[in-house]
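Here's a quick briefing to read alongside the model.

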Amino acid sequence: MAASWIVATDVLYDEPTRTGRGAAVAFERWEDAAPSHEWRTHIDAIADYVPGSFYQRELPCLLALLDPLREQIGTVIVDGHVWLGEGRPGLGHHLYEALERRVAVVGVAKSRFHGGYATEVLRGTESTRPLYVTAVGLTVEAAAAYVRSMHGPYRLPTLLKRVDSLTRGLV
């Protein structure tokens with residue numbers, strides 16, 4: 001694998017068993033239609049959800065998912081926010097710090113964080129609902145342009161749909 005891979009991630013929780021499942025798809029160019037690699041991991045003993053501190057639950061899952069390939073990753077896409085507003089770090093920023101600021105992190109969220117700032121990205125010819133993009137390790141303008149350029153005719157890019165399906169065990 002090349003050290004500049006882009007990796008989209010997602011995590012799903014099973015509350016009754018207190019476990020999680022993480023999935024990732026790796027690709028080389030933002031415009032790619034299919035991943036070069038994809039993988040999943042099982043996470044035991046997930047942390048409790050703490051309002052305002054979602055990262056405490058999600059971060060260990062993402063690190064378990066990314067750790068085996070850490071040296072090959074150039075950018076990580078998280079389903080969530082990098083910044084929560086007023087300089088408050090979100091999941092993406094905590095991941096950036098955990099990866100020793102060596103990997104850019106792009107947050108792509110389907111809803112705005114109340115009080116937060118994100119760049120709205122409209123995708124698809126008929127979409128009226130934006131994606132909310134935040135970033136660290138690259139400018140938010142560059143991140144928004146990358147997300148806009150991702151493959152697929154709909155609001156959610158093809159590879160972000162793919163990682164969601166992989167997480168849910170649909171593929």
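Contact here means heavy atoms within 4.5 Å. With that in hand, the buried residues of α2 pack against α1, β4, β5 (83-85), β6 (88-89), β7 (104-109) and β9 (131-136). Helices (H or I, at least four residues) and strands (E, at least two) are DSSP runs, numbered from the N terminus. Bear in mind that this is a predicted model, where local features need pLDDT of at least 70, side-chain atom pairs count only at pLDDT 80 or more, and totals for chains, interfaces and linings use all residues. Residues are numbered from 1 along each chain as its sequence is written, and side-chain values use heavy atoms, with hydrogens and water left out.

**How enclosed is α2?**

- Buried means under 20% relative accessible area, exposed over 50%, and partly exposed in between (1.4 Å probe, protein chains only).
- Six of the eight residues of α2 are buried, so this helix is largely enclosed by the rest of the structure.
- The buried ones are Leu-91, Gly-92, His-93, His-94, Leu-95 and Tyr-96.

**The α1/α2 pair**

- Two packed helices are described by the angle between their axes and the distance between the axes.
- For this pair, the axes come within 10 Å and cross at roughly 45 degrees; axes are lines fitted to C-alpha atoms, for helices over the stretch in contact, and angles run from 0 to 180 degrees between N-to-C directions.
- That makes α1 and α2 oblique to each other, given that angles under 35 degrees count as roughly parallel, over 145 as roughly antiparallel, 65 to 115 as roughly perpendicular and the rest as oblique.
- On the α1 side, Tyr-55, Glu-58, Leu-59, Leu-62, Leu-63 and Leu-66 meet Leu-91, His-94, Leu-95 and Ala-98 of α2.
- By class, this contact has eight nonpolar, one polar and one charged residues (Ala, Val, Leu, Ile, Met, Phe, Trp, Tyr, Cys and Pro count as nonpolar, Asp, Glu, Lys and Arg as charged, and the others, Gly among them, as polar).

**Nonpolar cores**

- A nonpolar core is a set of buried Ala, Val, Leu, Ile, Met, Phe, Trp, Tyr and Cys residues joined through side-chain atoms within 4.5 Å.
- The largest one has 26 residues, and Val-76 and Leu-95 touch the most other members.
- Elements giving two or more residues to this core are β1 (5-14), β2 (19-27), β3 (37-43), α1 (55-66), β4 (73-78) and α2 (91-98).
- The largest share, five residues, comes from α1.
- Apart from this core lies another, of 21 residues, among them Trp-30, Val-106, Val-121 and Leu-160.
- Leaving aside neighbours within four places in sequence, Val-76 has contacts including Val-7, Leu-66, Leu-95 and Val-106.

**Arg-21**

- Arg-21 sits in strand β2 and counts as partly exposed, at 33% relative accessibility.
- Not counting residues up to four places away in sequence, Arg-21 touches Asp-10, Val-11, Leu-12, Thr-41, Ile-43, Thr-167, Arg-168 and Gly-169.
- Arg-21 and Ile-46 are 25 residues apart in sequence and 10.0 Å apart in space, C-alpha to C-alpha.

**Positive phi**

- Most residues other than glycine have a negative phi.
- Ala-45, not a glycine, has a positive phi of about 55 degrees; Ala-45 lies in the loop between β3 and α1 and is exposed, at 67% relative accessibility.
- Just after α2, Glu-100 takes a positive phi of about 55 degrees.
- Arg-101, in the loop between α2 and β7, has a positive phi of about 60 degrees and is exposed, with a relative accessible area of 56%.
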